[in-house]
Amino acid sequence: MRNAGTRPDAGGCPAATSDYEPRTIALLGSTGSIGTQALDVIARNRHRFRVVALAAGGGRPELLARQVAEFGPEVVAVADPGAVPAVREALAGRPVKILAGPEGVAEAAAWPCDVVLNGITGALGLSSTLAALREGRTLALANKESLIIGGPLVKRLARPGQLVPVDSEHSALAQCLWAAGPGRAAGEGPGTAVRRLIVTASGGPFRGRNRAELSSVTPEQALAHPTWSMGPMVTINSATLVNKGLEVIEAHLLFDIEYARISVMVHPQSVIHSMVEFTDGSTIAQASPPDMRLPIALALGWPERVPDAAPAIDWTKAHTWTFEPLDDEAFPAVALARSVGEAGGTAPAVYNAANEVCVEAFLAGRLPFPGIVDTVARVVGEHDVQPASSVEEVLAADEWARARARELTG
């Protein structure tokens, strides 16, 4: 039975219908930025989506309790077992099953539902990604780290079309590829007509600065992103462009296209979210104001669109969009990510883990801003790459990288 709440009209576009069954959603990371925006989309489209499971870290028990009261999930998972008493108290005896620890979050990911939206931050999302895929759920993936560090494991489990990207850049690429014809979306191959993928980057708050000018950057300055409102880890990753490096690896894994055919272009207005260039010389771009609710809604309803998920571009006004090449000398994170991706195996896990530790060190004042990527590069260079053939191997590399990065950052 179709359960997206819409049906294609004669022209192939979504049209409203009363003959629907709401899609059931398991939302991981419900109290974070992605999670709260996803719940905003769901709240405005209750005829299309119904929440059956929520998972959160546990640091915001009152918010989690309000989410449970509003959306009525069957189960709630709390990643931090120590936070369970506070969550239980905040829930005030509501009839909901409470699961604890990372294994509880993975159980929530495997809960009977149509779509799992994995909005967990960091490597902790890997077990939940694998759990959702094993159960055959459609996986709306915002937790790019789980794909990056566990690429071979995730790709081995994922059926064609089972992975749907939530990142605005990869959602844009999927839409551009879909415009080339059915079967060109995530996990289904880019097709022979594709010349290259062009991933756009805002450039972060330090666009235009050279390496010497970046040495005095403060955490407060790095957390002031010019376009997006995100958590501290993602915001710092955007400032260093580590986030863009991770997205290049993710694009390679999602769309099965080699690194040499994935480009990065700086686009400070953040309206063109990514582009696909075809072999005939044409380029298709996806444009919309910078609002994560659009790619979230599309991932929840894929391949059908959710009307008015986010405001559209105001075409009654003039617009100027600019594009610049990436300065690899000032921002070496993308070039490092390419080499890491090409090395494969456990190398991406080391890149990601070392970066998370280095970001924490920078925010704590123990590492200068350029030292984040410099230290990541050193840890990557010291690592003996192994095949990522099991979760244990991936997590062992992750643990080694964190330990080594902590040694280097004091």
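**The parallel sheet**

The model is predicted, and residues are numbered from 1 along the chain. Begin with the open sheet of 7 strands, whose order is β6-β5-β4-β3-β7-β8-β9 and whose pairing is parallel. Next, select residues 97–100 for β6 and residues 163–165 for β9. These two strands stand at the edges; each has a single partner strand, so one side of each is left without a neighbour in the sheet. From one strand to the next, the twist averages 20°.

Within this sheet, select β4 (residues 49–56) together with β5 (residues 75–78). The two strands run parallel and are joined by 4 bridges. Displaying L54 shows that residue opposite V76 of β5.

Then select helix α5, residues 126–134. Helix α5 also packs on the sheet, where it touches β3 (23–28), β7 (115–118), β8 (138–141) and β9. The direction of α5 makes about 155° with that of β8.

**The two domains**

Colour residues 23–159 as domain 1 and residues 344–409 as domain 2. How far apart do the C-alpha centres of domain 1 and domain 2 lie? The separation is 26 Å.

Now turn to the interface, where 10 residues of domain 1 are in contact with 11 residues of domain 2. The two domains bury about 790 Å² between them, and 68% of this area is on carbon and sulfur atoms. On the side of domain 1, select A123, I149 and L153: these lose the most area to domain 2, together accounting for 52% of what that side buries.

Helix α5 may be kept in view for this stop. Along with α6 (144–149) and α7 (151–157), α5 supplies at least two residues of the side of domain 1 that touches domain 2, as does each of the other two helices. How many salt bridges are found across the interface of domain 1 and domain 2? The rule finds 0. The count of residue pairs in polar contact between the two domains, with both residues at pLDDT 80 or more, is likewise 0.

**The mixed sheet**

Move on to the open sheet of 5 strands, which has the order β13-β12-β10-β11-β14 and mixed pairing. Select residues 283–287 for β13 and residues 324–325 for β14; these are the edge strands, and each pairs on one side only.

Select β12 (residues 272–278) beside β13: the two pair in the antiparallel sense over 5 bridges. In this pair, S274 stands opposite Q286 of β13. Then display helix α8, residues 168–179, which lies across β10 (194–201), β12 and β13 and runs at about 35° to β12.

**Two backbone details**

Select W302 and P303, which are joined by a cis peptide bond with omega of about 5°. P303 is placed in the loop between α13 (293–301) and β14.

Finally, select L241, in the loop between α11 (232–240) and α12 (242–255). Phi of L241 is near 70°, a positive value in a residue other than glycine.

Key:
This is a predicted model: local features need pLDDT of at least 70, side-chain atom pairs count only at pLDDT 80 or more; totals for chains, interfaces and linings use all residues. Side-chain values use heavy atoms; hydrogens and water are left out. Two strands pair if DSSP finds at least two bridges between them. Axes are lines fitted to C-alpha atoms, for helices over the stretch in contact, and angles run from 0 to 180 degrees between N-to-C directions. Contact means heavy atoms within 4.5 Å. Domain bounds come from an automatic or database domain assignment. Buried area is the accessible area (1.4 Å probe) that two parts lose on being put together, summed over both. A salt bridge is a side-chain nitrogen of Lys or Arg within 4 Å of a carboxyl oxygen of Asp or Glu. A polar contact is a pair of N or O atoms within 3.5 Å; within protein, one must be able to donate a hydrogen and the other to accept it, and residues adjacent in sequence count only if both atoms are side-chain atoms.
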